[in-house]
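Me: I would like to learn how to read a few features of a model. Please take them one at a time.

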Amino acid sequence: MISFSVMALVFGVVFLAELPDKTALAGLVLGTRYRASYVFVGVAAAFAVHVVLAVAAGSVLTLLPQQLVHALTGVLFLGGAAMLFFKGGDDDEEVRQPADQSFWKVSGAGFMLILVAEFGDLTQIMTANMAARYDDPLSVGLGAVLALWAVAGLGIVGGKALMKRVPLALITKIAALLMLGLGVWSLYEAIA
């Protein structure tokens, strides 16, 4: 059974954390050069692979004692919040243009770019943490993948307009505050 509250929480946290990430900007660049639907298919497939790996890793953590899991996820959330608070300027990532504009070349380029760039990324670690924290792999996985797909869609189709209206620094600070709150709450539950 799906917990919509867990799914919504995961969606919000992952969405805000991924929005200022370089992969959202890479999706924007790919979307300006190639057919958006081709780019989205490749990017969405790569994000799905990452979420499955993260949820599997988080599910393994549920085998540990609950207090230890709360303490571990609390520390990792606090580390993620610190990374977002003290994040330096975004590095521009060069995107290589495929020789042709075919579906397989464009979606393959999007898939490989995201697969490599996102491996071990903050949102993948956060997804594993939340899978361990809530012991609800389906709800966590759905929330995370929908958030990542939403960010990819925004980046590919409407990223420029969003960035003009909402400052990237504000989005990053909101994500950091959410992670800080989750970290403090997890540590409190570990101690209580």
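**Surface, confidence and core**

Reply: Ile-2, Phe-4 and Leu-138 make a nonpolar surface patch of about 310 Å². This is a predicted model, in which local features need pLDDT of at least 70, side-chain atom pairs count only at pLDDT 80 or more, and totals for chains, interfaces and linings use all residues. Residues are numbered from 1 along each chain as its sequence is written, and side-chain values use heavy atoms, with hydrogens and water left out.

Me: Where does Ile-2 lie, and why does Ile-2 count as partly exposed?

Reply: Partly exposed lies between buried (under 20% relative accessible area) and exposed (over 50%), with a 1.4 Å probe and protein chains only. Ile-2 counts as partly exposed because its relative accessibility is 33%. Ile-2 sits in the segment before α1 (4-18).

Me: In which helix is confidence lowest?

Reply: pLDDT is the predictor's confidence in each residue, from 0 to 100. The mean is lowest in helix α2 (residues 22-33), at 69, and highest in α1, at 92. The protein averages 79, and 78% of the residues score at least 70. Over residues 89-96 pLDDT stays under 50. Where pLDDT is low, the predicted coordinates should not be read in detail.

Me: How many residues has the largest nonpolar core?

Reply: Such a core is a set of buried Ala, Val, Leu, Ile, Met, Phe, Trp, Tyr and Cys residues joined through side-chain atoms within 4.5 Å. The largest has 33 residues, and Val-10 is among those with the most contacts inside it. Helix α7 (137-165) gives the largest share, eight residues.

Technical notes:
Patches are made of residues with over 30% relative accessible area and no salt bridge: like charges are joined within 9 Å, nonpolar side chains (Val, Leu, Ile, Met, Phe, Trp, Tyr) within 5 Å. Accessible areas come from the Shrake-Rupley method with a 1.4 Å probe; for residues, only the protein chains shown count as cover. A salt bridge is a side-chain nitrogen of Lys or Arg within 4 Å of a carboxyl oxygen of Asp or Glu. Helices (H or I, at least four residues) and strands (E, at least two) are DSSP runs, numbered from the N terminus. Contact means heavy atoms within 4.5 Å.
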